[in-house]
Every structure is written in structure tokens, then in C-alpha cells.
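Work through the exercises below with the sequence and the structure open beside you. Try each task before you read its solution.

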Amino acid sequence: MTTVMNMQGGAAVDTACGETTGAQLLARVLDDATVAGLAEQARGQGVALLGEGGLLQQLTKRFLEATLEGEMDAHLGRGRHERAGAAGGNARNGKRSKTLVTDIGPVPIDVPRDRDATFRPSIVAKRQRRFGGVDSLVISLTAKGLTTGEVCAHLAEVYGTQVSKETISTITDRVMDSFAEWQSRLLDPVYPVVFIDCIHVKIRDGQVANRPIYVALAVTVDGGRDILGLWAGDGGEGAKYWLRVLTEIRNRGVNDVCIVVCDGLKGLPDAIGEVWPQAITQLCIVHLLRNTYRYASKADWAAIAKDLKPVNTAASEQAALDAFAEFSVAWEKKYPAIIRLWTNAWPEMVPFLAFDAEIRKIVCTTNAIESLNARFRRAVNARGHFPTDQAALKVLYLAVASLDPTGKGRARWTNRWKAALNAFDITFDGRITAGRR
């Protein structure tokens, strides 16, 4: 049982541990009429309820200081005005003032001290300057793309709290521990599809230069989406680099992948064949189409898209070849680079044509990866450039951590997955089912 002192009359109220909510406890020690009267009196005397010097701030201050005094009583084994025994011993030694940054603004409090300097309060720890959900708020704002300066301005404007840029960076730097844990977590034994893509960020290393950050996003056997990790590159990655990345993923438990979708990254197909010999390397159709339009005048985009549709929706590779031959006759003279682009990409473009329509939807639909890249770009563009690769990885990881907070996106993916699961299991000879056991 826990005993709580009544704030009005001093009578004790017993509550069963673990069975009383904060609202119930407050109702027992402070009735609604008293709270309403206090608020009415504050309004009548011109005292604000929120903000600097407001009623809520003062209540928080009184509550924290009263709790600290109670912790000191427990530490010394006697009350504030009780005398020490004959042997003397430890005793109170004044107070020290500090200001806490809280969700309701800055709250100045007086913390009691003892002569032996052995008092370690728990409700407000030593050197603690932030209280409540301030750290979570800072991380959430950073994940949504705000810079450190914008977070500082937001806290000052909304909460009246002055927090330095260095403090914001210190708070967000703490997520790197969880990033390392996330980057090394165990993964599923098999994935039907893994997309490998990259986003370019500007790194200030002597001079500002574009650097790629690679992301691997997997479709799980339950139809969900799982981001396997983030890796920084220097732009000159080859087979050795990709072999290291894919081996890291395999060592985290991924024994099999049915299809790996990528965008012509040098050395990646060879590394895929080394790590997962049964995996099929598939060129990203959306990226191929996007690269196609770079060679064409915008006035011709609609006509090119119409003529290319029979190629990437063909029922077989031979039908695709026939459609591509017609496309070449129509456009080779005007855009020879487009024909060369598709000819060079053909071996890695056509594997998906042998699959069921449900598998094609999963391979060709890049909504998840494009949505992720859009979130990445918003976070990156707000900052312009980063001092190090680690700083860029931190911001992108925060963006990953804030994805789909309600779970609605995951539910939509799962609902559309059953037909594709059946197709994958038949096409890949039960490797999906075997991997789940």
C-alpha cells in the first residue's frame, strides 16, 4: 500500500500499488471544486494559467520542490525540522537553484543539498536541465526536417524556453546509440523483395561534395516494409563495397532473398550473386523510365510513355522484344541515346516479365521507396549540407524512426499482400514458406 498526504487537510489516503491512475490519485487528494476555484481566482487576479509566471508553472515548481524535500527526508532519515541524534551525522546544507526546461516552459526550482554531498534525487537528477518530454519533442521536430536553429526558435516561440543549438545537437546525438543497435539488429531469414536505392547528400569535408547514402528496404513475408539499414558511400563503390554491405545483411540473419531491385549500381549484381546465389537481380523499372525522359524533350514524354508501355507490360520477353523493336523504329533517329539506354539495361530489365502479375506489382510499384526518399529529401534539403557522414546518417535515421506513427500504412500493405504471397510461394518453389519456419 502507498500513503499519499491530502493537500487540504493532511489526512492520509491509502491506494493500492499499481491499481490507481494519475487522474484517480489527483481526484482523491484534490477535488474538482478546489481546482476550479483556484483557476477562477487566478483569472480574477490577472494571473495567467500558462506561460512565464503562470499558475501551471508555479504548481509544477511547488510539486517538484515538495517531492525533492521528501526525498531529502528519506535520505537523512528525518524531517526538515527534526534534530539529528547525539552523534550528529549528515544534515541539510541549504539549497541550490536551477531552471528546468519543461513542456510548459522554464521552471525555476530550489534543490536541497546535504553536507556530505551524497543526496541523489531521482525526480530531478543531478545536472538534469530538461524535464518531461522535451527530449522527445526535440527529436520529433528534428525527424520532421527542422534544423537545430528552427527547433530552438520553435521552443522559444511556443514554450518560452531558450535552448542553445549545442543542446539540441547533444539531445539528437544520443540517438546514435539506438542507430547502432538498429543497424545491427537481427533480421528475417527470408525476404521476397529487397529494394536498394540511394539519396545524395552534401558533405562538407574540406569542400562541399555530393555523397551517396544507400538504403535497403525489404518487403517482408507478411507484406510489410522493413528498412534494413543505411550505409554511407563515397560515390566510387564497387563489388568489394557491396559484398561487405550484403554480407553484413546476411550475417544479421537474412539467408535468402528472392528478388533484389536496384538501379544499375556498379558491382552490385556480382555481390548479390555471391551472397544470395538464388536471388534474381532486377533493374528498377521506374528509375529506367525516369532516366529515359532525361534524354527526351518534355513535349515528347507522353508519346514515349505510350510507346514504352507495351514493352514493360508485355506478357513475355519475346513480346517485349517485338514491342521494343517497334519503339526503336519510331524513336531511334530522334533519340538514339534512349535506345542505347534500354539495350544496355535489357538483361537486368526483363527478368520480372517471367513473373505473375501480382509479383510484377510488387517489383514495379515503388511507392514505399519513393515515399521514404521524399521524407529523406525534406530532411536533407532543410539543412543544405552536413559536416560529416555521421551527421547525415543521424538525420536520415531520425526520419526513418518517425515513419508511419499510426501504423495505417503497414495495415494497407498487409491487406493487399495475400495474392502476391501466393504468387511468390508458387514461383519460388516454397522458399518463402521454408524461410518462415
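Angles between axes of 65 to 115 degrees count as roughly perpendicular, while angles under 35 degrees count as roughly parallel. Keep in mind throughout that the model is predicted.

**Exercise 1.** Determine how helix α7 and helix α16 are oriented to each other, and which residues bring them into contact.

*Solution.* Begin with the axes: those of α7, residues 175-183, and α16, residues 389-401, come within 10 Å and cross at roughly 75°. This angle lies in the range from 65 to 115 degrees, and α7 and α16 are therefore roughly perpendicular to each other. Next, look for the residues that meet: α7 contributes Val 175, Met 176, Ser 178, Phe 179 and Trp 182, while α16 contributes Gln 390, Leu 393, Lys 394, Tyr 397, Leu 398 and Val 400. Sorted by class, this contact has 8 nonpolar, 2 polar and 1 charged residues.

**Exercise 2.** Decide whether Ala 401 is buried or exposed.

*Solution.* First locate Ala 401, which belongs to helix α16. Its relative accessibility is 56%, and because exposed means over 50%, Ala 401 counts as exposed. Finally, compare sequence with space: Ala 401 and Ser 140 are 261 residues apart along the chain, and their C-alpha atoms are separated by 9.2 Å.

**Exercise 3.** Describe the surroundings of His 287.

*Solution.* Start with its place, which is in helix α10, residues 285-294. With a relative accessibility of 9%, His 287 counts as buried. Leaving aside residues up to four places away in sequence, His 287 touches Asp 197, Asp 263 and Glu 370. With Asp 263 there is also a polar contact between the two side chains, at 3.3 Å.

Notes
Residues numbered from 1 in each chain as written. Predicted model: local features only at pLDDT ≥ 70, side-chain atom pairs only at ≥ 80, totals over all residues. Heavy atoms only, no water. Axes fitted to C-alpha atoms, helices over the stretch in contact; angles between N-to-C directions. Helix = DSSP H or I, 4+ residues; strand = E, 2+ residues; numbered from the N terminus. Parallel < 35°, antiparallel > 145°, perpendicular 65-115°, else oblique. Contact = heavy atoms within 4.5 Å. Nonpolar A, V, L, I, M, F, W, Y, C, P; charged D, E, K, R; others polar. Buried < 20%, exposed > 50% of the residue type's maximum accessible area, 1.4 Å probe, protein only. Polar contact = N/O pair within 3.5 Å; in protein donor to acceptor, adjacent residues only side chain to side chain.
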